[in-house]
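I opened the notebook to record what I looked up in one structure.

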Amino acid sequence: MNQVFAFDNISGILTCQAGCVLENLSHYLEERDFIMPLDLGAKGSCHIGGNVSTNAGGLRLLRYGSLRGTVLGLEVVLADGRVLNCLATLRKDNTGYDLKQLFIGSEGTLGVITAVSILCPRKPKAVNVAFLGCSSFQQLLETFQCCRGMLGEILSAFEFLDASCMNLLEKHLKLTNPITECPFYIVIETAGSNATHDEEKLHQFLEEVMTSSLVTDGTVATEATKIKALWSLRERVTEALTHEGYTYKYDISLPVEKIYDLVQDMRRHLGGMAKNVVGYGHVGDGNLHLNITSPSKDFALLAAIEPYVYEWTSQWKGSISAEHGLGLKKRNYIYYSKPSEAVALMGSIKAMLDPKGILNPYKTLPDNIN
């Protein structure tokens with residue numbers, strides 16, 4: 001299930017089996033002067049079928065959008081064994097319902113994705129990465145506003161991590177902080193077709209945020225090895241956390257101005273029960289990765305976290321599952337993000353496609369979701 005069926009170097013449409021590893025697809029496309037619209041820290045092990053099944057977001061969503069917009073077609077095996085061939089390569093097709101959208105993000109509960117066709121952008125000719133430090137989250141948000149206004153069409157990523165994440169990277173992975181110590185760090189990537197134009201825009205932006213004291217320190221990389229080194233400070237946070245013991249992971253979407261409030265509130269709420277409470281993620285789409293660690297699995301700590309974290313998120317009309325899917329751990333918390341009418345409709349669709357519940361992993365959900 002790991003074969004590439006076809007690639008059209010005019011349209012940029014890739015058609016492949018669901019078992020293709022994301023990083024392998026990236027290498028395949030880069031040799032042809034294209035890239036995948038999706039990039040994840042787990043790209044070396046995750047499969048494109050799983051990415052589509054969970055509607056994975058990742059580091060490039062700010063520039064290229066979600067998989068709901070870039071996936072053009074799917075082949076899916078339904079619960080009764082029928083093969084639904086919607087492996088289209090058309091960018092426009094309004095003949096009836098867009099059935100592939102049922103399966104994108106459904107986590108395999110409506111059918112098993114076996115092949116994908118996906119629209120891939122051209123490989124940018126000029127890439128720059130800036131790693132910046134801010135003294136407060138408010139300054140980080142103002143930097144983001146300035147970034148969107150001044151970098152515009154070349155902005156491809158705006159990520160953040162807090163000082164606690166940096167401490168773990170230095171402690172466990174021996175990575176070096178390239179700038180002075182700050183409460184918050186930003187990774188900004190630009191991608192365009194004209195190096196001179198892009199560097200000029202980036203320079204003007206950096207001059208603006210430095211002179212206005214939004215940013216306290218920073219460094220820029222244009223060479224591939226240095227770009228990879230800067231990105232590793234964001235991508236390897238999850239790896240650093242594994243050295244801390246047991247990690248409770250939460251994937252939350254909130255209004256962008258509220259995302260770090262949750263981290264601070266959780267620290268106050270848990271007090272000394274947790275070893276670490278850290279926050280990092282995608283500022284561009286309001287997606288926070290909240291991670292809480294303890295030396296070993298602690299049921300008292302878990303009871304203090306849940307459902308508090310979901311109640312907090314619901315209060316601000318956020319999502320308890322921004323890009324990772326519900327899975328088994330969040331299956332009973334869906335009502336914190338979706339109204340009962342929507343959940344009931346999901347159950348009706350599920351029952352129509354899989355009346356015997358063959359593909360249903362959510363065995364403990366209320367009857368109207370099964």
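The entries below go from the whole chain to single residues.

**Entry 1: the whole chain**

I noted at the start that this is a predicted model. I looked up the secondary structure and found 14 helices and twelve strands in the protein chain. I then checked the radius of gyration, which is 21 Å; the globule rule gives 21 Å for 370 residues, so the chain is as compact as a globular protein of that length. Along the principal axes, the C-alpha atoms fill a box of roughly 60 × 55 × 35 Å.

I also looked up burial: 49% of the 370 residues count as buried. For contacts, I took those between residues at least 6 apart in sequence, and 73% of them join residues at least 24 apart.

**Entry 2: the largest pocket**

Which residues are the closest to the centre of the largest pocket? The lining has 38 residues, and the closest to the centre are Thr238, Lys249, Asp251, His289 and His324. Elements that give two or more residues to this lining are the helices H9, H10 and H12 and the strands E10, E11 and E12. The largest share comes from E10, with six residues. By type, I wrote down 14 nonpolar, 13 polar and eleven charged residues in the lining.

**Entry 3: Gly281**

I picked Gly281, which lies in strand E11. Is Gly281 buried or exposed? Its relative accessible area is 0%, so Gly281 is buried, the cut-off being under 20%. I listed what Gly281 touches, leaving out residues up to four places away in sequence: Glu159, Phe160, Arg234, Asn287 and His289. Phe160 is 121 residues from Gly281 in sequence, yet their C-alpha atoms are 5.6 Å apart in space. His289, one of the residues that Gly281 touches, is also among the closest to the centre of the largest pocket.

**Entry 4: helix H6**

I checked the length of H6, residues 137-151. Its 15 residues at 1.5 Å each should span 21 Å, and the end C-alpha atoms are 20 Å apart, which agrees. The buried residues of H6 are Phe137, Leu140, Leu141, Thr143, Phe144, Cys146, Cys147 and Leu151. What covers these buried residues includes the strands E6, E7 and E8 and the helices H8 and H11. After H6 comes Gly152, with a positive phi near 50°.

**Entry 5: backbone details in loops**

I looked for positive phi in residues other than glycine. Asn55 has a phi near 50°, and Asn55 sits in the loop between helix H2 and helix H3. At a relative accessible area of 17%, Asn55 is under the 20% cut-off and therefore buried.

Lys174 has a positive phi as well, near 60°. Lys174 is in the loop between helix H7 and strand E8. Its relative accessibility is 65%, so Lys174 counts as exposed, the cut-off being over 50%.

Which residues does a cis peptide bond join? I found Glu306 and Pro307, with omega about 10°. Pro307 is in the loop between H12 and helix H13.

Definitions and conventions:
Residues are numbered from 1 along each chain as its sequence is written. This is a predicted model: local features need pLDDT of at least 70, side-chain atom pairs count only at pLDDT 80 or more; totals for chains, interfaces and linings use all residues. Side-chain values use heavy atoms; hydrogens and water are left out. On a 1 Å grid over the protein atoms alone, a cavity is a set of points where a 1.4 Å probe fits but cannot get out, and a pocket is an open set with protein on both sides within 12 Å along at least five of seven lines; lining residues have an atom within 4 Å of a point. Helices (H or I, at least four residues) and strands (E, at least two) are DSSP runs, numbered from the N terminus. Ala, Val, Leu, Ile, Met, Phe, Trp, Tyr, Cys and Pro count as nonpolar, Asp, Glu, Lys and Arg as charged, and the others, Gly among them, as polar. The expected span of a helix is 1.5 Å times one less than its number of residues. Buried means under 20% relative accessible area, exposed over 50%, partly exposed in between (1.4 Å probe, protein chains only). Contact means heavy atoms within 4.5 Å. The radius of gyration is taken over C-alpha atoms; the globule rule is 2.2 Å times the number of residues to the power 0.38.
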